[in-house]
Amino acid sequence: MAPIDYLGSSYYERWLDGNVRLLVEKGVITREELERRMAQLASGTDPAPPHSDPKLLERMLRVTKERPHYRQPGPPPRFATGDRVLTRNDAPVGHTRLPRYARGKHGVIDRVHGSYIFPDTNAHGQGEQPHALYSVRFDAAELWGGSAEPCAPVHLDLWERYLEPAAPARSTS
Amino acid sequence: MSRAHDEHGHHHREPESVLSLRVRALESLLIEKKLVSSEAVDRIVGAYEQDIGPHNGAKVVARAWVDPAYRQRLLADGTAAIEELGFGGVDLQVVENTPGVHNLVVCTLCSCYPHALIGLPPVWYKSFEYRSRAVREPRVVLREFGVDLPESVEIRIWDSSAELRYLVLPQRPPGTERLSEAALAELVTRDAMIGVAVVPAPAAR
């Protein structure tokens with residue numbers, strides 16, 4: 001979605017745009033088909049009659065109950081709780097879950113979550129590539145400098161590929 | 001966009017917005033292709049309207065307040081602990097408020113939220129203002145929500161950047177020692193489980 005459209009859209013417009021985009025990219029629907037159906041509905045006819053399909057119903061309802069599938073086996077984690085890390089300073093063109101405000105920043109591993117599907121590759125059809133996900137704690141001053149509020153650390157869930165090892169903090173400071 | 005105003009409005013349908021038409025067209029196409037069924041869509045919409053809401057999360061919180069062993073399990077593995085109560089559909093981490101620590105949940109990248117336990121997110125949770133300010137000036141934001149914490153209380157912000165969802169386990173208010181688990185659940189609010197409120201003590205009777 002173009003940034004200017006994103007900023008001007010409502011929450012559900014963004015979701016709709018994303019879903020339509022994916023369905024078109026994957027060849028499930030075409031944009032022309034969608035436009036045509038909109039015209040049909042506007043004139044009061046819906047060519048798709050409601051139908052009942054118990055198996056489909058069960059499959060769709062199960063999604064709201066079962067554990068998500070994001071957690072998948074991967075290589076063992078490189079970092080442990082308490083390790084200091086430095087986030088990569090990168091500005092990828094595609095999807096990433098490393099927010100800009102936390103790039104090139106020092107943090108501490110707070111929790112090792114396990115191995116999770118990597119959205120940065122998965123979103124672009126480059127495979128799930130599951131690997132270690134961590135909760136990383138950042139001091140507010142590291143993120144926001146001198147104007148940071150006191151005692152307000154931010155925790156981010158970050159994949160190992162965003163992280164590099166960092167030297168331990170000076171114990172005297 | 002112009003809205004059709006008519007004294008006899010109920011006789012004339014307002015022109016449907018392009019957005020609404022697009023949603024209905026998408027649903028119609030997916031039904032036609034047998035990828036969804038209208039029945040399933042209605043059931044899921046109904047579930048979010050009636051079954052899935054903050055009362056689910058409140059049950060989890062109340063159980064944790066009355067059952068220390070459950071509280072431990074909940075903090076260690078939220079996903080497994082909520083399954084004990086019949087809730088699922090989410091990888092969950094629960095973060096606990098204490099006298100020295102207050103937790104606040106946000107999603108700066110989009111609007112990740114533990115739907116399965118507290119329903120659909122409020123509009124402000126999805127706003128650019130909340131998403132950008134909660135990480136940057138959490139104390140100011142909390143004060144605007146009416147939560148004024150001394151600087152000695154650490155505010156831990158959880159930015160839900162991956163697939164895990166966060167739920168705040170609020171502090172049990174004083175004066176609730178005699179309340180049943182069900183009565184305790186009644187006290188727990190959606191906002192308290194996001195971390196923008198504390199659970200107030202019940203009004204004195």
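Student: What distance separates the centres of domain 1 of chain A and domain 2 of chain A, taken over C-alpha atoms?

Tutor: First, some conventions: this is a predicted model, in which local features need pLDDT of at least 70 and side-chain atom pairs count only at pLDDT 80 or more, while totals for chains, interfaces and linings use all residues. Residues are numbered from 1 along each chain as its sequence is written, and chains are lettered from A and ligands numbered from 1 in the order in which they are written. Domain bounds come from an automatic or database domain assignment. Chain A is divided into domain 1 (3–49) and domain 2 (84–165), and their centres are 33 Å apart, taken over C-alpha atoms.

Student: Which domains does the assignment give for chain B?

Tutor: Chain B has domain 1 (11–50) and domain 2 (53–194). The centres of these two domains of chain B, again over C-alpha atoms, are separated by 32 Å.

Student: How many helices and strands does chain B have?

Tutor: Helices (H or I, at least four residues) and strands (E, at least two) are DSSP runs, numbered from the N terminus. Chain B comes to eleven helices and four strands. Its C-alpha atoms fill a box of roughly 55 × 40 × 35 Å along the principal axes.

Student: In what order do the seven strands of the open sheet follow one another?

Tutor: Two strands pair if DSSP finds at least two bridges between them. Here the order is β5(A)-β1(A)-β2(A)-β3(A)-β4(A)-β3(B)-β2(B), with mixed pairing. At the edges are β5 (163–165) of chain A and β2 of chain B, each of which pairs on one side only. Neighbouring strands of this sheet are turned by 40° against each other on average, direction ignored.

Student: Which strands join β4(A) to chain B, and which residues are bridge partners there?

Tutor: β4(A) and β3(B) run parallel and are joined by three bridges. A:V154 has B:I157 in β3(B) as its bridge partner. Within chain A, by contrast, strand β2 (residues 106–116) and strand β3 (residues 131–138) run antiparallel and share seven bridges, with A:S115 opposite A:A132.

Student: Is strand β2 of chain B largely enclosed or open?

Tutor: A residue is buried if 20 or more other C-beta atoms lie within 10 Å of its own, exposed if 12 or fewer, and partly exposed in between, with C-beta atoms placed from the backbone. Strand β2 (residues 101–106) of chain B has five of its six residues buried, so it is largely enclosed by the rest of the structure. This strand pairs with strand β3 (residues 154–159) of chain B in the parallel sense over six bridges, and B:V106 stands opposite B:D159. Of the 205 residues of chain B, 41% count as buried.

Student: Which residues touch the most other members of the largest nonpolar core?

Tutor: In soluble globular proteins, nonpolar side chains tend to be buried together. A nonpolar core is a set of buried Ala, Val, Leu, Ile, Met, Phe, Trp, Tyr and Cys residues joined through C-beta atoms within 7 Å. Among the 73 residues of the largest core, B:V61, B:I157 and B:V188 touch the most other members. Helix α3 (residues 54–66) of chain B gives the most to this core, with six residues.

Student: Where does A:Q129 lie, and what is its phi?

Tutor: Most residues other than glycine have a negative phi. A:Q129, although not a glycine, has a positive phi of about 40°. This residue lies in the loop between α5 (119–122) and β3 of chain A, and is partly exposed, with 15 other C-beta atoms within 10 Å. B:K34 is not a glycine either, and has a positive phi of about 60°. B:K34 is in the loop between α1 and α2 of chain B, and counts as exposed because it has 11 C-beta neighbours inside 10 Å.

Terms used: Axes fitted to C-alpha atoms, helices over the stretch in contact; angles between N-to-C directions.
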